[in-house]
Amino acid sequence: MSHSSYNRIWASTQKVLGGLLEDEFPAVQPRPQRDRMQVFQTLAGFYLKYLQIMRNLEEVYDQMVHPQKRLVVRVVLEGIMGRLLELKNEMVELECSEFHYFDDMLQDMKMTPADLEVPIPRYFVREKTRVLKEREGMLAHILAKGGHLEQQEHVCEGAAQRMSVEQAVQLLQVSERARQGRLRARFMRQIRRDESRSQLVQSQSTCTLDPDAAAVRIQKVWLGYSQRKRTKRERLEELIFLGMVAPQRPTPSAAELSAQQVEEARRGVQEQHEAEYQRALLSIKESVRAVEGPDIRETLQEQIRQWFIECRDATGKFPDYPSVEDGGSALIFATKTPDQVAAELAAKEEEKERKKKAKGKKEKKSGNEKKEKKKDKKGKARGAKEKTEGEEAERGWKMTPSNFLPSVLQGTQIYREVWQDRDERQNFPQRFDAQLVREEKRLEVEEEIRVQVDELMRQELKNLKLAVDKEKGKKKKAKKANKKKKKKAKKAGKKKKKKERDLTADRTMESLYEELVLEGLLIRPMNVRLSDYIGEYSYLGTTLRQADIEPMPSLSDVRQLMALYAVLPLGSQTVHEKAPLIRTLLLAGPPGVGKKLLVHALCTETGANLFNLSPANLAGKYPGRVGLQYLLHMVFKVARQLQPSVVWIGDAEKTFYKKIPKMEKDMEPKRLKKDLPKVLKSLKPEDRVLLVGTTRRPFEADLKSLCKVYKKVILIPRPDYASRLVLWRDLLRLRGAQLTPMLDLSSLAKVTDGYTQGHLQRAVRAVLTTHRLEQMSRRPLTAAEFIPALARQDPVYKEEEETFKAWYSRTPLGKRRLRATKIIDDDSEVGKGKGAKAKGKKKKKEGKAKKKKSTK
């Protein structure tokens with residue numbers, strides 16, 4: 001796509017965003033909404049629209065080459081990411097559930113389930129490619145230096161040397177007998193083929209066939225073969241057209257490859273333009289300071305002197321110069337007259353004096369005052385009653401103020417003022433605009449010069465006051481000095497707080513990093529993406545909830561939650577600081593559902609470091625209470641310094657065991673139980689560090705202490721039918737299998753109900769060996785071949801899934817969900833009761849009326 005195409009996408013997206021911001025800030029404030037469904041519809045509408053806008057802006061930011069435009073797009077994009085998180089938090093608080101379903105909204109807005117996928121900005125990783133490469137090189141160097149690679153080679157060699165002589169001889173005998181058997185079978189096959197040929201020749205020699213009849217037979221055979229082949233091809237084309245069979249095309253196609261090449265070329269141009277822009281920022285600023293700096297200094301001094309004279313003429317004395325805290329001379333040029341500026345300064349001084357008097361005076365309470373207070377209390381009680389009545393009238397849901405909409409408004413305003421109607425016909429290559437850079441740098445230079453001018457003019461004003469007004473400067477200086485000393489003393493008293501003791505103050509960050517790598521606490525994440533977590537959207541979520549049945553979340557919902565709660569905050573510093581803070585995340589589900597893959601995908605998508613604090617990995621390392629404190633201090637210090645970072649605790653239930661099994665007592669799984677909450681409290685919003693726990697048996701842990709650490713809990717279910725169908729298709733393709741109509745994927749997905757992603761992956765590996773893949777062209781793959789491999793594995797039964805659901809219902813959010821559903825049911829029953837009473841009253845009235853008529 002061209003530069004103009006991305007400019008048009010940006011313009012259309014900004015137009016949609018402008019309309020959405022008008023809905024966010026209406027001219028007349030709407031009344032609080034009481035209907036919960038209506039509130040959810042409002043939030044869901046905003047969420048889906050912002051999601052579409054985010055997708056468009058992410059594409060524009062990734063491919064636009066103009067550096068100044070990209071800065072504006074970046075501000076709006078990060079604001080919209082944060083707004084999405086705020087809306088998600090609102091929906092969670094409203095519905096008391098982490099999972100939401102938008103089936104009806106998708107139909108109304110003409111969207112597909114694919115539009116619900118949260119796009120992950122590519123700049124999270126691309127803008128720090130150099131840092132990631134350096135980190136990878138350093139990790140490999142430390143591992144090689146510590147002998148980990150050599151140890152792995154020795155382990156492989158040792159495994160080969162452990163075989164005894166008898167075992168080796170037995171292995172050779174088996175291999176030789178198999179070879180001889182294959183040769184014998186091939187020889188016997190050849191003999192049988194020769195015998196059949198000789199018999200056929202003898203039978204044909206006895207009876208001769210007429211040439212015309214032979215030609216007719218050959219034609220029949222050929223026509224039948226060609227017709228069957230044509231019918232098979234046409235049937236396959238029809239199935240592909242109907243979408244029942246995936247088209248067999250080269251992936252990626254030639255058009256996709258060319259598009260990818262164009263995108264990479266644009267990114268190269270983007271880097272060049274960015275480098276030019278950064279150099280221009282420095283050079284243009286220096287030229288503005290050299291050329292326009294003296295003129296700016298003179299004009300500022302003249303304006304300030306003119307202000308001195310005007311204030312002297314208006315008030316009869318020279319004014320006080322604004323302090324640095326008030327903005328210095330910037331306060332003078334804020335489009336105000338000298339009288340207004342002097343009045344503001346005088347008002348500030350009066351406020352300071354009043355505060356001092358209020359602090360110094362302590363009046364005694366008299367009897368009259370007590371009576372007055374009693375009267376006030378009575379009046380307040382009446383006012384409180386009136387307020388409660390008003391609050392009951394206005395009780396309902398209101399949108400909470402946003403931390404991100406101001407930045408979105410700012411970016412939108414810059415677009416309208418600068419870029420919407422800008423003529424760029426002369427800037428075809430889309431390089432930076434020097435005029436805009438000069439205007440920005442002129443303001444920066446003016447601000448720097450103003451600070452210098454303020455110091456000079458402050459001294460000049462003092463000299464004028466001493467010479468003309470004959471004011472006693474010494475007394476004022478002494479008073480100001482005393483004031484400053486008192487202020488400093490107060491600030492010093494406020495600042496004195498207990499600082500955390502740095503246990504590794506004498507060590508460098510490189511040495512700490514190396515120690516963590518060698519101890520196996522900082523590991524290399526697998527190179528997997530969040531899109532590799534395959535799963536389909538659940539189309540029955542809304543229907544089941546309307547029937548008062550809580551549906552199990554789909555794998556697509558889990559993927560969206562990981563993107564919202566983990567990827568977006570870790571990838572963007574701005575989003576992490578302003579969005580609802582999430583320090584911890586717990587992934588709970590049966591074994592094989594992909595919990596570990598999600599952790600590694602999170603690190604890959606954000607370029608985060610991965611620390612492994614699983615109980616099995618900590619066994620025997622840093623013993624004792626002091627050793628544990630040193631370990632946690634070291635891990636979280638490195639995690640903060642090299643953020644973003646993910647601290648992973650596998651088998652998180654072991655840290656909060658109700659009762660430690662005898663087999664695991666030596667491992668000390670509950671070491672982190674006391675110290676982990678304290679360390680998590682020290683994490684601030686600017687620290688992009690996320691603690692992720694994974695558990696396959698959460699019901700073995702103490703629920704209260706587990707939920708005290710892990711505030712967000714994501715329940716990962718076994719895959720449903722739609723997800724299994726997609727899983728089978730993608731796993732077979734990744735393995736290199738050819739999907740033909742002979743392979744009934746629908747039946748295979750139906751049969752494998754209860755099997756997880758791990759089960760399916762192991763079955764595919766067991767069946768699709770190298771030998772079987774070579775036979776694929778002669779012997780197409782069938783569904784029956786996977787049954788033996790699946791039968792050797794135990795599925796996740798319905799009872800186990802119900803156990804997970806029952807456990808989740810006892811978590812804080814699960815309890816809130818149950819309470820909310822009970823309240824809704826009670827309200828509906830009350831409404832029905834009122835309706836029945838009203839009907840009963842009507843019937844009584846009708847009966848009385850009939851009696852009166854009969855008496856008449």
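1. Glu448 is partly exposed, with 32% relative accessible area. Its side chain forms a salt bridge with Arg289, and the closest N and O atoms are 2.6 Å apart. Glu448 belongs to helix H14 (residues 434-469) and Arg289 to helix H10 (residues 254-315), so this pair ties together parts lying 159 residues apart in sequence. Arg289 is partly exposed too, at 30%. Do keep in mind that this is a predicted model.

2. Helix H14 also holds a pair of its own. Glu446 and Arg450 meet through their side chains in a salt bridge of 3.5 Å, N to O. They sit four residues apart in H14, which means about one helical turn separates them.

3. For the overall tally, the model has 41 salt bridges.

4. Arg179 is partly exposed at 39% relative accessibility, and Glu176 is partly exposed at 32%.

5. Asp557 deserves a look of its own. This residue lies in helix H18 (residues 555-571). Which side chain of opposite charge is nearest to Asp557, and how far away is it? The answer is Lys88, at 7.6 Å. A salt bridge needs a side-chain nitrogen within 4 Å of a carboxyl oxygen, and Asp557 has none, although it is buried. What Asp557 does have is a polar contact of 3.0 Å between its side chain and that of Ser554. Setting aside neighbours within four places in sequence, Asp557 is in contact with Phe99 and Tyr101.

6. Helix H16 (residues 509-518) and helix H22 (residues 624-641) have axes that come within 10 Å and cross at roughly 115 degrees. The crossing of H16 past H22 is left-handed. On the H16 side, the residues involved are Met509, Leu512, Tyr513, Glu515 and Leu516. They meet Tyr630, Met634, Val635, Lys637, Val638 and Gln641 of H22.

Technical notes. Residues numbered from 1 in each chain as written. Predicted model: local features only at pLDDT ≥ 70, side-chain atom pairs only at ≥ 80, totals over all residues. Heavy atoms only, no water. Helix = DSSP H or I, 4+ residues; strand = E, 2+ residues; numbered from the N terminus. Buried < 20%, exposed > 50% of the residue type's maximum accessible area, 1.4 Å probe, protein only. Lys, Arg positive; Asp, Glu negative; His and termini not counted. Polar contact = N/O pair within 3.5 Å; in protein donor to acceptor, adjacent residues only side chain to side chain. Contact = heavy atoms within 4.5 Å. Axes fitted to C-alpha atoms, helices over the stretch in contact; angles between N-to-C directions. Left-handed = near helix turned anticlockwise from the far one by under 90°.
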